Amino acid sequence: MSNANEFPLQVKNIDVHYGDLKALFDVSIDIPKGGIVSIIGPNGAGKSTLMNTICGLNKPTKGEIVLNDKRIDGLQPNKIVRLGVSMAPEGSRVFQNMSVLENLLMGAYKHEARKKKDELLEKNFEFFPVLKEKANQLATFLSGGQRQMLAIARALMADPDIILCDEISLGIAPIIVKDIYQKIKEVNQAGITFLIVEQDVKRSLKHASYSYVLVKGRIVMNGISSELDEEEVKKAYFGVKYATPEPC
């Protein structure tokens with residue numbers, strides 16, 4: 001029986017290698033429609049590798065990734081975007097020598113999004129009024145939090161069903177991170193599903209509906225965020241209960 005309606009995006013038992021180095025070990029996650037799912041883990045856990053594999057930058061050496069009953073693990077990134085998955089990359093990366101408006105328009109490069117770019121722009125300006133105020137300003141002059149909002153808004157310009165957000169709080173002041181999560185909540189309530197990479201355990205459990213803990217390339221804990229014990233998650237995060245080195 002298909003799970004596409006309940007879980008439009010599924011990662012099934014994937015391994016990922018960089019040459020002889022194995023980065024992900026038998027990783028499986030389900031992303032429910034309309035949910036906010038978090039991947040929690042320390043530096044080097046494989047979180048960005050997982051995100052890059054979903055969006056087609058890496059190829060799994062085992063397992064499969066399924067979007068709406070269609071395998072996407074062999075597809076190029078631009079084709080995955082056309083199928084409804086876009087990404088706000090780690091480090092609030094934007095085109096710094098382009099204006100805010102030009103950055104946003106770069107997100108609407110697929111044909112279907114270009115046809116409705118004015119509608120998508122207006123929607124983004126409703127979610128992120130500061131971007132409307134600074135539409136003609138070069139992105140290099142934005143604050144870190146504003147660049148992160150721009151990265152999310154640019155991903156929205158692709159008119160996606162699912163947005164992947166990699167390390168959205170990296171290098172950003174906590175009070176600004178709170179605002180960014182509020183914006184994500186508003187976008188999510190408008191029907192967009194989110195998969196978010198986060199290092200902060202407390203913040204992740206607070207804002208996500210479901211969470212996975214990734215340590216040394218393995219999922220070591222998962223569950224409904226509100227039902228996970230924060231201290232147990234921290235123990236898993238720091239590898240207190242799970243020391244599982246394994247040869248490739």
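Helices are DSSP runs of H or I, at least four residues long, and they are numbered from the N terminus. In this predicted model, Glu232 and Lys235 both lie in helix H10. They sit 3 residues apart, which is about one turn of the helix. Glu232 has a relative accessible area of 26%. Lys235 has a relative accessible area of 37%. Each value falls between 20% and 50%, so Glu232 and Lys235 both count as partly exposed.

**A network of salt bridges: Asp15, Lys22, Asp26 and Lys62.** Here four residues belong together: Asp15, Lys22, Asp26 and Lys62. Salt bridges that share partners join them into one network. The count for the structure comes to 13 salt bridges.

**Helix H10 again: Glu231 and Lys234.** Helix H10 covers residues 230-237. Glu231 and Lys234 both lie in this helix, 3 residues apart. That spacing is about one turn of the helix. The two side chains meet in a salt bridge, at 4.0 Å from N to O. How accessible is Glu231? Its relative accessible area is 47%, so Glu231 is partly exposed. Lys234 is partly exposed too, with a relative accessible area of 29%.

**A buried salt bridge: Glu198 and Arg203.** Look at the side chains of Glu198 and Arg203. They meet in a salt bridge, with 3.7 Å from N to O. Are these two residues buried or exposed? Glu198 is buried, and Arg203 is buried as well.

**A tilted aromatic pair: Tyr210 and Tyr212.** A pair of aromatic rings is described by the distance of the centres and the angle of the planes. A search of the whole structure finds 3 aromatic pairs. One of them joins Tyr210 and Tyr212. The ring centres are 5.2 Å apart. The planes make an angle of 55°. An angle under 30 degrees would count as stacked and one over 60 as edge-to-face, so this pair is tilted. Tyr210 has a relative accessible area of 24%, so Tyr210 is partly exposed. Tyr212 has a relative accessible area of 5%, so Tyr212 is buried.

**A charge over a ring: Arg218 and Phe25.** Which residue lies over the face of Phe25? The residue is Arg218. Arg218 lies at 3.8 Å from the centre of the Phe25 ring.

Technical notes: Residues are numbered from 1 along each chain as its sequence is written. This is a predicted model: local features need pLDDT of at least 70, side-chain atom pairs count only at pLDDT 80 or more; totals for chains, interfaces and linings use all residues. Side-chain values use heavy atoms; hydrogens and water are left out. Rings of Phe, Tyr and Trp (its six-membered ring) pair if their centres lie within 6.5 Å; planes under 30 degrees apart count as stacked, over 60 as edge-to-face and the rest as tilted. Buried means under 20% relative accessible area, exposed over 50%, partly exposed in between (1.4 Å probe, protein chains only). A charge sits over a ring if NZ of Lys or CZ of Arg is within 6 Å of the ring centre and within 35 degrees of the ring normal. Helices (H or I, at least four residues) and strands (E, at least two) are DSSP runs, numbered from the N terminus.
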